[in-house]
Amino acid sequence: MGAVQIQAQDICVGNIVWLRENDEVPCDLVLVGTSDPQGICYVETAALDGETDLKTRVIASACMGLSPELLHKIKGAIECPNPDKDIRRFDANLRLFPPFIDNDLCPLTINNTLLQSCYLRNTEWACGVAVYTGNETKLGMTRGIPEPKLTAVDAMIDKLTGAIFLFQIVVVIVLGIAGNVWKDTEAQKLWYVLYPKEGPWYELLVIPLRFELLCSIMIPISIKVSLDLVKSLYAKFIDWDDEMYDHDTNTPSHAANTAISEDLGQVEYILTDKTGTLTENRMIFRRCCINGTFYGNESGDALKDMELLNAIGSKRPDVIRFLTVMAVCNTVIPLRSQNGTICYKAQSQDEDALVHAAAHLHMVLFNKNGNTLEVNFNASVLQYEILDTLEFTSDRKRMSVVVRDCQNQSIILLTKGADEAILPNASSGQQIRTYVEAVEQYSQLGLRTLCLAWRELNEDEYREWSLLFKEANSTLVDREWKLAEVCQRLENDLEILGITAIEDRLQDGVPETIETLRKAGINFWMLTGDKQNTAIQIALSCNFISPEPKGQLLLINGKNEDEVSRSLERVLCTMRITSSEPKDVAFVIDGWALEIALKHHQKKFTELATLSRTAICCRVTPSQKAQLVELLKSREYRTLAIGDGGNDVRMIQQADIGVGISGREGLQAARAADYSIGKFKFLKRLILVHGRYSYNRTAFLSQYSFYKSLLICFIQIFFSFISGVSGTSLFNSVSLMAYNVFYTSVPVLVSILDKDLSERTVMQHPQILFYCQTGRLLNPSTFAGWFGRSLFHALIVFLISINVYNDERSEKEELSMVALSGCIWLQAFVMVVETNSFTVLQHLAIWGNLAAFYVINCIISTLPSAGMYTIMFRLCRQPSYWITMFLIVAAGMGPVVAVKYFRYTYRSSAINKLQQAERLGGPIVSLGNVEPQLKSMEKDVALLSISQPNSRNPVYEPLLSDSLTSSRRSLGPATPFDFFPTQSRLSSTYSRNCSDKMETMEADEVSVAMDKLQSQNEIL
Amino acid sequence: MNLKATAASSTSDGTSDSSAPRRNSKKPKYSRFTQQELPACKPILTPGWVISTFAVVGIIFIPIGLASLFASQRVVEIVDRYDIDCIPETLRNDKLAFIQSRETNKTCTRSLTVPMDMKSPIYVYYELDNFYQNHRRYVKSRNDKQLQSKKNENETSSCDPEANASNGLPIVPCGLIAWSLFNDTYRFSLSSKVLEVNKKNIAWKSDQGHKFGDDVYPKNFQSGGLIGGAKLNASKPLSEQEDLIVWMRTAALPTFRKLWGKIEVDLEANEQITVVIQNNYNTYSFGGKKKLVLSTTSWIGGKNDFLGVAYLTVGGLCLFLAISFILLYFARPRPLGDPSFLSWNSDPAGHMN
């Protein structure tokens, strides 16, 4: 029929694209035809917005009823706006040309489109007109252009390079002036130099330029090469890592960006997607409570609970009814495949889980045809006629169907929904206490609960209501509200059947990973397109936020600017007060409020963002995710964004580090990301092991590179003082080149294998990441140390050389070689002192390099044309040469070792302590002796809350109290003091806002109490 | 716009199918290097190690220092500064005029006393002070190619300003270094008997053999208006001009000694050596000293106490550090690796600073 198969890249705007079931939509399409007679098709938009339920899309009204043959011949015009990134808006219109009768303009909305990266589900085929292709699709526009990323370490190195450059300029200017002065005074007396009396005008510049040449090696060019080399190896280590290989999906980790591994060690904020990233995006029915009996509590799986199976076997009516609701009250479509198995197509994963569970419990939904629905229960077929479907809305939080039982013609209302939406509508006199308890119990386990209920209707009641329903359904104004009202009339006096508990399986190891990383002082934000309740539930179950007594959720909501502003102000106020308390405070905000907050209250929101360690942002769009990343980045925080779907691409690209999970929502995120991993849990290893080592190694390597360049440069500068400030180079050019490129670059390259602490120790003490995050190992003050060391070493080498090789031995080539070999010896020993772990390769590189130095120079010394002909042999034969070398090493390294030892033993950092502990053997498991101190802390906190009556403002109430689950308690093994170091980190890192935080503290007694608390902390 | 009835799509199918058969192939290969698990030893700075290292270094350094000092002390050295004394008292107001004049008698006689027995060979050096042989303009002003072989006679690049004679012909050897060749001469006599000074083999063999050609003869040397230093015997090839070869090994320091000859007889203590100096070389314009040095040698070189003193100092400091670390260790014992020292364990408020 003229359709050809082409590559997605060859689709042009205007083409009609035919899709089959489960195809990924290759570009943005306007839907013109589907296999469904009503012109509906289902799409999964998870890759686009993170929402997992299926969405319905309708064909453009003008094309309604066209047969596939006609669709091939269709001609028309579509007027559509310029490409933009708004995935919730599409304002266009379509007009068909004759012979198609409908010659009017037909408006198009987002409901008439199929957007790129969605999947066509439950629909045999669909066809549409390509309107945006390539990077102009909604998703493509969302993606944005990735900027080249620069790590914090690189930025610091650049800064230091700049400082060294300034230093170099100063040196050049000072020495240049001194050289010119010396030339004009002293050098005029040196007859043997024969300076002309009058030189050309540029004569003044000659000496400064010579010094510029001498000092140009001050900035090591080799650092760039070395860094690129080691960085690519860091990336390779990630690719090679056995422990980050995902066996389930057969995906190894991959570092697509080889330049930013150090940043992994400096992450301060992790922004994570929820669906598919934290969760597996796979719902499983786990437990239920039917008529007061709990099933599945022992085994953890109700489907295997013998008691329940027995109850089904004996056809207990309450259980049967429960299963009927599970199987019937939904919008799931059963599809029978060729080999007889039934597969279900569900809009929501919850319904899917329920229907599957019902099928497993012998209540098999096997046919839905128009209004009739057939269920197979224990080999007998039950037929139901669907009369009405009361759809789910987020306000009602429940959905119902009204069916006629074809066996006895009775009309039944079947309802399922959130507990808070169902339980209040229970028929009076029914005991709902057990259900409340069940909900509470399940929620504690992090299960998603649904409450199932039913009611038998009598014919008259239904007929009466049905009229109202139809009327409401056809109103034009406030339809949704009216419908809700009508539905409410029916959905009362319900008989509660029971509670189901569904597990949205967290990925393996997610809670542990989050806990470890939070101990490491990393703040977590969850950005999800999903609903608020789901987000909070997941957050609770994966240690993201702590349950009630310890943690607290603050909700920012509102539909307009005023409400949001007030809400924000209240939350901020609470946050300021509680920021000093040992309490996990998190705020929750939804997309609407976020948009308003970012637009009108950016400053306040930014303050909130910096105060809060944890945040949950739900119903956010891809661009809002990116905006939030941008916000944190603007406050100079290192951000890591992790996600798995197309909706995370923008955020991943925007963040300092983007991590993609090569997961079920496709590979888009993984492709756009800097790192792709198979599972969320690998993030721990990626940051704590690879990130930390990379940072440590780069910090050492870069500073060492500066050190060795400065060392040789300082010697040149010192030499200029005894050579008439004329800019003579002590070293010949070959030695200088070899020094930078070879002698000093090779040994330092093996520092990529250096490990200060074993991987296990780091995992046990993630707090140690603090040193990397705050840049303790590479900053101006550590750099000053290296600068001082190079100055000191240069002095040692220079003074010893010129004092030993003076008088009759002051031959220039010899002296230069003595000084050079002195530098090489010092290099080797500096490497030894600074290396934490010696592998064979390290020994080979350090000592091999020293030997290579002598071999190479001896070879050069055999060349008669070389300036240093025979020099090396002469030196090696002199005992005084070797004695000089040992003197240089002892004098140069003695103070370094002494200072290092002193600091290591008496002013040791946490890294040193862990090294020592590691050496003594065995892991250092954290201890219980902190407990008493903690108690006293708590007392103080209690005192504090008494002294601040104003703390009981409305927002202070737990957000979760609006559900019945307000008094959730953690079952998870909460470590009692995991927040302390990070707490203090907050106060240290945020000290910039601390001052104004204190000022805005209104209640005096609060700040007094705070002071007390702080002083108490210091004593502790 | 034309809606063409073409195109179908296949995006996801291909990729999902192709990945299925390639299972079990993506697992990274295991090796100890790729897993960063190479066996490593992790030395840490334990008090034992550090203290014993310092002690050992101290104990080794002090004897070496003593030996060096002893060797240096055994070297007998006679140093005689003659640049001022060799100018007649009446002319000392204008030393420059004295040295630059062709008329003045520049011969001067000095008498040296041998302080101790000196075993042959006794090296005769001249020492110049404040003379910048390492000045960039000076040190560059030579052409090694020209010195090496006759065929490169015209190679005078980098020799400015002493590249070509006034008649435009190349100077051999060209450059400032050769031009400013030292030209004082010494004649030694011991109790009115001439003391033979061997002027052979004072230059490096390698220089004579490879750097200075035996077919290169001086040409146009010191023929310009400005006379720098010594003239060269035009009939001797450069490889035999040993004074020049020694002079052209430029010194790295502004104070340096250059070998002038060797006395190959032993001298006894309190013997009087008379030196007749031809004081030609101008160091007066820049205030440089000229010294005549007679010195024996030892395994460590000439007389230089620096190594010995430095070794004793460093060795002493190492011992001192070792002792003070021991004291510190007993005064403030620190159990290594007590996890309760960890800030997040010991200090709930977590002042990690």
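Some bookkeeping to start with: residues count from 1 along each chain as its sequence is written, chains are lettered from A in the order in which they are written, and side-chain values use heavy atoms, with hydrogens and water left out. Because the model is predicted, local features need pLDDT of at least 70 and side-chain atom pairs count only at pLDDT 80 or more, while totals for chains, interfaces and linings use all residues.

Let's begin with the place where the chains meet. The contact (heavy atoms within 4.5 Å) takes 108 residues from chain B and 140 residues from chain A. Between them about 11,000 Å² is buried, with carbon and sulfur atoms giving 61% of that; buried area here is the accessible area, with a 1.4 Å probe, that two parts lose on being put together, summed over both. There are 5 salt bridges across this interface, where a salt bridge means a side-chain nitrogen of Lys or Arg within 4 Å of a carboxyl oxygen of Asp or Glu. In one salt bridge Glu918(A) pairs with Lys42(B), and their closest N and O atoms are 3.3 Å apart. On the side of chain B that touches chain A, helix H9(B) supplies the largest share, 9 residues. Helices and strands are DSSP runs numbered from the N terminus (H or I, at least four residues, for helices; E, at least two, for strands). A network of salt bridges also links Asp807(A), Glu808(A), Glu77(B), Glu127(B), Arg257(B) and Lys291(B).

Now zoom in on helix H6 of chain A, residues 203-215. Its Ile207(A), Pro208(A), Phe211(A), Leu214(A) and Cys215(A) are buried, where buried means under 20% relative accessible area, exposed over 50%, and partly exposed in between (1.4 Å probe, protein chains only). Looking down the axis, the buried residues of H6(A) fall within an arc of 110 degrees, so they line one face of the helix; the arc is taken from the directions from the helix axis to the C-beta atoms. They pack against helix H4 (152-184) and helix H23 (682-721) of chain A. The face turned away from that buried side carries the exposed Leu209(A) and Leu213(A).

Lys149(A) is partly exposed at 22% relative accessible area, whereas Asp674(A) is buried at 6%. Another salt bridge joins Lys755(A) to Glu759(A), with 3.2 Å between the closest N and O atoms, and both of these residues are buried.

Most residues other than glycine have a negative phi, and most peptide bonds are trans. Asn291(A), not a glycine, has a positive phi of about 50 degrees; it sits in the loop between strand E13 (279-290) and strand E14 (293-295) of chain A. Gln409(A) also has a positive phi, about 60 degrees, and is partly exposed at 44% relative accessible area. Over in chain B, the bond joining Ser120(B) and Pro121(B) is cis, with omega about 0 degrees, and Pro121(B) lies in the loop between strand E2 (107-113) and strand E3 (122-128). The peptide bond from Val172(B) to Pro173(B) is cis as well, with omega near -10 degrees.
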